[in-house]
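Subject: Structure for your review

Dear colleague,

Please find below the sequence and structure that I am handing over to you. My findings follow directly after it.

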Amino acid sequence: MARLQAHPSLTPTQERRFLPRWQLPPRLRLSVLAGALSLVACGGGNTVDEPASFKLLPDDLVGAPCAGCREGYLVGQAHDGVALADAEVLLFDATGHSARGRTDAQGRYAIATAGLSGPLLVQVNGLSSGEPVQLHSLAVAVDVGNRAVHVSPLTELMTAFVLGGAPQDLLKQGRVDFMRINATSLRSSQDRVRHLVQSSWSVIAGASAAAHDLRNGEQGPAHQGLGALASLIELQRVASAYRLSGVAGDAVAQAGVQVDPVASSVDAVLPTPSAAQAAALQAGLAALPGLEQSLARFGQLFQRGQAPDARELQAWLAPEFRHTGLDAAAFIEQVLLQAEPGEAPGSSLRGVRFERPRLVQVESADRLRVRVQLSLPAPTLPRSETLWMRKVGDRWLWEGDGLTGLVRVRHLSILGPKPREAADLLALPGMRCAASGTADTRCAVEGGQGDVPSGGQLDYGSPQGEQFGLLAHYRSEAGSWQERLQMARQRTRLLATPSAQVSQHLAFEVDARRIDPRVSQVRVQGTGLPEQGLSLVPAATGQGFEHLALADSPEQDWHALRTDRCLGSVSSTAEHAVCQANWAKAQIGEVYRFSFFDAQGRLLQTQTARLPAPPAPAAELLAQASQWFARFDLQAEPTQQPLYARVLDPERRLQALDYRWAWQAPKGASQQLVGARLELHWGHPDTGAQGQLQQPLSAARLQATGGQVLSTAPLLQAGALPAGALPVWLSARLSSRDANGNLYMHYIAPNNPY
């Protein structure tokens, strides 16, 4: 009979591979670039506390009169080629005061400005055809009640030019200089933006950018006027600058130009499209309403009480269809007819609406690359698909993106335990550390030393390892496995302070369901990663993970790396410091390359993904945890805490692990609940086998009960443990996301019971 360790059938080395990495927060803290949100206390402009007292001076009036303005309100419209519907709008003034509102279905907003004074910075956080976007604009005092202040990629550039830097960065750093905002600087910045995009304006019926007010001017109908101009450009953040590109089909337009807001002048401009390209762009704009109607017809197939027929769906996919690694048959089965509810690509599309198409690339009037928003019934979050579409007869067929998989990189912040300081542990009476051969250095206190009971040892693990300072496992070689297990339950110690630290990571996501079946490995390369890259592989046989897993631990549902440590579990403090400095170079817009290889090592394709804006620093997230994290609320409920002694109990039946965990949604207005995941790991004392049960829960399922209590019942119903197997680790995680798509996670487990 095999012997059962403190973790059944696991050696200390196996144990490090067994525990999920997302449950192992760091000893080190991450230092990131962003600072607390505090605005420079400087004045400028007229007060808006009493709008009725405004005296409109001709030199201050920039823009056309506003027919829809309201006294004491700042009004406008937010758009990015499509209206930014239900987007969060924030107004900031120089004194640090702010006001908040939301846009309507057409992207329009109206926010009371009582309590604000002087020039205002306008920030909009929303979705552009399903993708997170943040844009800014500026308002002078006389705009309130008199001028509409619109928000678009064009005003984002204007704002950056006026303020001398990306407004998002300046806000976080508390360096917004409101004294720079006046009629003169607004005119100058507008001229610079007009110069940048003049070639795109020429496409729109020969119009001139000089004839349009980019900030206050009438936006016009969808896909016309300023809205059409926004449809023809793409603006992305790259480090402290911007990348501005066009949607024409050639590589030059797609490559675009880099725009530095700190530079005193702008020389580079978008290339002028050829006559043929201009005609295609005009035709592409004209085709968007028909394409939108075609998408609505396709969406009607998902509005019925039953799933669409596969043959009906096939009629909307082109013969050469290939999208995120799947052919037409696989896409229909695994995506369009997926029954599992949730936000992840591949979840149920019942009740979906395909809407708000945005141009990404124009090849001809009948072939467009577009980003489409998939709007699902609340509270499921919208998402996007980017693909080529071709007009055939009265409908637009889906051709797909022609890519090998679906990839993404984003920031992940985890609220978890704060390890006990290594220096304190190493100074404990009887503590000894030793290395055996090529094994890691491990530290332990033998039984009878200090306060450790005799008969075994208290194993603290490796001082360089991620687990050090979380749990000290009691191990014994005496007695039967049942006796050793009971000693482990009773004598293993929790060292960490629960939910007292935020660790920050980069998540490298390769969707395990949306990938070419030939792929056996994906190599990720980019800033912060070792030269040879990071390897991701399909999960171990039988594991239904959402994403490819790290190659060194395919049995774990994990694909993220901490940004305060080196890749690998054991490195010195000095080495971690170097790696942390390298990670710090990964700024907004950083490009990561995902290379797909088959089983023979042949390269199938390389794709790229850009890093979004970072979250707040770890210390700020911890201080405002209730704002950012969906979190469990178990500190006052000790009977509901998944303590090690309760989980590691061979006398308890599986049904005895039926918990009711109270939780709270994030309070921050920009935070959105994503869902939860339950995991139960098991080990077999006789065979040494190990495995896990998983149960994902979407935001809709979490909120369907009408209360905020997470039950383990769905996990226990998901499958039965093998005969003779014992539960050894029970955990749950709650996830939310911010306006940039970054993830925030709080988990509970034996090493973080509340």
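In this predicted model, the largest nonpolar core has 62 residues, and the members that touch the most others are Leu157, Leu244, Phe298, Phe302, Phe354 and Trp398. Helix α7, which spans residues 275-299, supplies the largest share of this core, with 9 residues. Another core lies apart from it; this one has 40 residues, including Val510, Leu550, Ala609 and Ala749. As general background, nonpolar side chains in soluble globular proteins tend to be buried together.

Once its neighbours within four places in sequence are set aside, Phe298 is in contact with Leu313, Trp316, Leu336, Phe354 and Trp398. Two of these partners, Phe354 and Trp398, are also named among the residues that touch the most other core members.

I turn next to the disulfides, of which the count is 2.

The link is right-handed, with 110° about the S-S bond. Cys433 belongs to strand β17 (residues 431-434) and Cys443 to strand β18 (residues 442-446), and the two cysteines are 10 residues apart. Cys443, by contrast, is buried, with a relative accessible area of 0%.

The other disulfide is formed by Cys566 and Cys579, whose sulfur atoms are 2.1 Å apart. The torsion about its S-S bond is about 95°, and the disulfide is therefore right-handed. Cys566 is found in the loop between β26 (560-562) and α12 (573-583), whereas Cys579 is in helix α12, so the pair ties together parts that are 13 residues apart in sequence. Cys566 counts as buried because its relative accessibility is 13%. Cys579 likewise counts as buried, at 18% relative accessibility; the cut-off for burial is under 20%.

Finally, I would draw your attention to a proline. Pro615 is placed in the loop between β28 (603-610) and α13 (618-623).

Yours sincerely

Note on methods
Residues are numbered from 1 along each chain as its sequence is written. This is a predicted model: local features need pLDDT of at least 70, side-chain atom pairs count only at pLDDT 80 or more; totals for chains, interfaces and linings use all residues. Side-chain values use heavy atoms; hydrogens and water are left out. A nonpolar core is a set of buried Ala, Val, Leu, Ile, Met, Phe, Trp, Tyr and Cys residues joined through side-chain atoms within 4.5 Å. Buried means under 20% relative accessible area, exposed over 50%, partly exposed in between (1.4 Å probe, protein chains only). Helices (H or I, at least four residues) and strands (E, at least two) are DSSP runs, numbered from the N terminus. Contact means heavy atoms within 4.5 Å. A disulfide is a pair of cysteine sulfur atoms within 2.5 Å.
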